[in-house]
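Please examine the sequence and the structure below before reading on.

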Amino acid sequence: MSSVDAHPTIVYPHYVRALDEEKAQLPSSFPREYSEEFQHILPKLLQRGFHILTKLNNQKGNLSNISKNFVLSHPHIHVVILRRALDGAVIYLAYVGSHVQGPSGFMHGGATAALLDDCVSSAVLLSGPFAMTVQMNVQYRKPVPLNSVVIVEGYVEQTNGRKTVAGGKMYHPDGALYAEATLLFVRPRLVEPKM
Ligand SMILES: CCCCCCCCCCCCCCCC(=O)SCCNC(=O)CCNC(=O)[C@H](O)C(C)(C)COP(=O)(O)OP(=O)(O)OC[C@H]1O[C@@H](n2cnc3c(N)ncnc32)[C@H](O)[C@@H]1OP(=O)(O)O
């Protein structure tokens with residue numbers, strides 16, 4: 001399988017199996033350029049209480065359309081989604097490929113925002129009723145190099161009626177902060193659009 005085919009819905013089961021049964025052997029579907037780094041980082045995230053979410057294509061209701069998600073289906077952004085049951089925080093362990101460029105050699109700020117929005121939205125959607133982003137404030141701290149692994153973390157801060165305030169951070173696996181965001185979500189009054 002080429003890196004372009006390595007969609008999360010296909011990759012997760014391979015990776016989970018690899019972690020459980022074949023720790024020393026990487027799945028062939030994981031492109032070399034980031035598989036070793038994922039292998040290195042994932043156990044640390046599991047130790048922090050996160051578990052890998054799989055079977056995305058089996059989701060029902062508002063999540064049934066997830067395979068068309070702009071970020072998760074992007075051929076140059078590869079994501080493993082993790083969630084911590086304790087507080088509902090979500091992590092996107094992501095590889096950012098070459099065709100997400102803004103400034104030469106670095107990730108487009110819109111792509112950074114999209115990744116943050118998606119991760120934080122996942123935390124919000126998996127923790128409560130459907131809500132949509134109505135405001136997002138991103139602080140860009142350091143440019144994100146292309147062809148690199150990033151960790152995106154999303155968490156709910158506070159829900160009051162139909163409004164939820166949530167936050168997100170994107171950082172290098174060594175902890176250096178790339179960007180952080182505060183978002184406001186609103187649960188729509190009437191219909192629940194499909195995501
Ligand atoms: C194993 C499984 C793993 C699965 C893993 C999950 C993966 C799943 C990934 C999906 C990830 C998707 C990630 C995409 C996230 C987006 O990109 S969402 C798309 C972008 N956002 C939009 O398009 C939203 C557009 N806005 C709207 O449609 C409407 O504003 C809404 C949201 C429907 C709300 O409209 P409404 O129901 O009429 O609400 P309204 O009465 O206007 O406002 C309600 C309250 O909110 C306030 N409000 C509304 N807008 C604003 C605003 N912009 N600023 C401040 N306050 C506001 C109002 O002032 C009001 O306040 P109160 O008067 O009650 O105090």
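Two strands are said to pair if DSSP finds at least two bridges between them. Helices (H or I, at least four residues) and strands (E, at least two) are DSSP runs, numbered from the N terminus.

## Basis and confidence

This is a predicted model: local features need pLDDT of at least 70, side-chain atom pairs count only at pLDDT 80 or more, and totals for chains, interfaces and linings use all residues. Residues are numbered from 1 along each chain as its sequence is written.

The pLDDT is the predictor's confidence in each residue, from 0 to 100. The chain has a mean pLDDT of 80, with 73% of its residues at 70 or more. Over residues 1–28 the pLDDT is below 50, and this stretch has 40 contacts in the model beyond near neighbours in sequence. Residues 55–60 also have a pLDDT below 50, with 7 contacts beyond near neighbours in sequence. Two residues are in contact if their C-beta atoms, placed from the backbone, lie within 7 Å. For the complex, the predictor gives an ipTM of 0.96 and a pTM of 0.85.

## Overall composition

The chain contains 3 helices and 7 strands, and from the N terminus its elements follow the order α-α-β-β-β-α-β-β-β-β. Of its contacts with a separation of 6 or more, 65% join residues 24 or more positions apart.

The unreviewed UniProt entry carries the annotation "domain: Thioesterase" for residues 105–177. UniProt positions are given in the numbering used here, feature names are shortened, and annotations may be inferred rather than shown by experiment. The annotated span, residues 105–177, is 26% helix and 44% strand, and its end C-alpha atoms lie 18 Å apart.

## The sheet

The 7 strands of an open sheet are arranged in the order E1-E2-E3-E5-E6-E7-E4, with antiparallel pairing. Its edge strands are E1 (50–52) and E4 (132–140), each of which pairs on one side only. Strands of a sheet pair through backbone hydrogen bonds, either parallel or antiparallel.

E1 and E2 are joined by 3 bridges in the antiparallel sense, and Ile52 stands opposite Leu82 in E2. Antiparallel pairing of E2 and E3 extends over 7 bridges, with Arg83 opposite Val90 in E3. The hairpin of E2 and E3 has 5 residues between the strands, and Gly88 takes a positive phi near 80 degrees there. Strand E3 (residues 90–96) also pairs with strand E5 (residues 148–160), again antiparallel and over 7 bridges; here Leu93 has Ile151 in E5 as its bridge partner.

## Burial and the nonpolar core

A residue is buried if 20 or more other C-beta atoms lie within 10 Å of its own, exposed if 12 or fewer, and partly exposed in between, with C-beta atoms placed from the backbone. By this criterion, 31% of the 195 residues of the chain are buried. In E2, 7 of the 8 residues are buried.

A nonpolar core is a set of buried Ala, Val, Leu, Ile, Met, Phe, Trp, Tyr and Cys residues joined through C-beta atoms within 7 Å. The largest such core has 41 residues, of which Ile91, Tyr92, Leu93, Ala94, Leu115 and Val152 touch the most other members. At least two residues of this core come from each of H2 (32–47), E2 (77–84), E3, H3 (109–127), E5, E6 (163–171) and E7 (177–186). In soluble globular proteins, nonpolar side chains tend to be buried together.

## Selected residues

Beyond its neighbours within four places in sequence, Leu93 is in contact with residues including Phe38, Ile41, Leu42 and Leu45, as well as Ile151.

Met170 is located in strand E6 and counts as buried because it has 28 C-beta neighbours inside 10 Å. With neighbours within four places set aside, the contacts of Met170 include Thr112, Leu115, Val150 and Val152. The C-alpha atoms of Met170 and Glu153 are 6.4 Å apart, although 17 residues separate them along the chain.

Val150 belongs to strand E5 and is buried, since 22 C-beta neighbours lie inside 10 Å. Not counting residues up to four places away, Val150 touches Ala94, Val96 and Met170, among others.

Is Asn147 buried or partly exposed? Asn147 is partly exposed because 14 other C-beta atoms lie within 10 Å. Asn147 is placed in the loop between E4 and E5 and has a positive phi of about 55 degrees although it is not a glycine.
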